[in-house]
Amino acid sequence: MSGSGAPEGDDYSATVLGSHWFSGPPATTTRMPPEEVAPDRVEGSVLRFGPGVTAAMPAPFPLDAVVAVAQPPRRSRWAGLRRYTLAAVVLAAVLVYLGWQRLGPGIEVRGVTVSTDPKGPACDAAADVVAVVATDGRPGTLTYRWVRSDGTRSEQLTERVPRGQREARLHLLWTFRGTGTYPAKAELQLVSPGQRTASVDFTYRCSP
């Protein structure tokens with residue numbers, strides 16, 4: 001469109017308003033040079049000027065408010081670092097505890113004794129032979145075997161000792177049958193921790 005109309009492109013800028021924008025009788029005095037109009041770019045937006053408009057319209061809300069809403073809240077780098085540091089400390093403590101439980105000082109045996117009823121078992125009955133293993137109270141596993149004077153021995157046996165328990169009681173039930181007298185001996189052989197032995201002698205008597 002030609003003439004005095006303003007183009008509609010984004011690069012449009014304010015120009016001096018022509019006389020066709022004014023109403024009333026024609027001026028009889030010499031026309032003064034028109035005053036320059038302020039640019040129509042306010043806060044980055046293009047505002048069109050129309051009849052009677054002499055100042056830029058204010059933005060509907062402050063630009064800094066738009067920026068404040070648009071920006072997401074920033075997380076503190078130190079807060080995230082503290083969280084990961086705490087998790088690493090807890091994990092390290094758990095690993096140290098498990099390693100100490102597995103590889104730390106084990107159970108220590110302080111002494112071994114073996115006993116039974118000195119009268120011996122009754123006819124066709126079993127002798128209850130008891131070994132008492134004294135420890136230092138630390139947790140661990142005892143490995144042992146029983147050896148009898150009749151030439152028999154057990155396979156290796158184990159006994160788990162929990163923390164705080166300062167002795168373990170190991171039983172051997174030795175059954176006798178028939179009449180007569182038989183001198184017997186039961187021996188406990190501790191294989192680990194350390195190697196210790198302890199035994200007890202008793203006599204089986206059964207009259208016909």
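**Close-up 1. The disulfide of Cys 123 and Cys 206 is right-handed, because the torsion about its S-S bond is about 115°.** In this predicted model, local features need pLDDT of at least 70 and side-chain atom pairs count only at pLDDT 80 or more, while totals for chains, interfaces and linings use all residues. Residues are numbered from 1 along each chain as its sequence is written, and side-chain values use heavy atoms, with hydrogens and water left out. The sulfur atoms of Cys 123 and Cys 206 are 2.0 Å apart (a disulfide is a pair of cysteine sulfur atoms within 2.5 Å). Cys 123 sits in the loop between S3 and S4 and Cys 206 in strand S9 (residues 196-206), so the pair ties together parts 83 residues apart in sequence. Strands are DSSP runs (E, at least two residues), numbered from the N terminus.

Close-up 2. Cys 206 is buried, at 8% relative accessible area, whereas Cys 123 is partly exposed, at 39% (buried is under 20%, exposed over 50%, partly exposed in between, with a 1.4 Å probe and protein chains only).

**Close-up 3. An open sheet holds 3 strands in the order S3-S4-S7, with antiparallel pairing.** Its edge strands, S3 and S7 (167-175), each pair on one side only; two strands pair if DSSP finds at least two bridges between them. S3 is joined to S4 (residues 126-135) by 6 bridges, and Thr 113 stands opposite Val 132 in S4.

Close-up 4. Val 112 counts as buried, at 17% relative accessibility. Val 112 and Val 133 are 21 residues apart in sequence, yet 4.6 Å apart in space, C-alpha to C-alpha.

Conventions
Helices (H or I, at least four residues) and strands (E, at least two) are DSSP runs, numbered from the N terminus.
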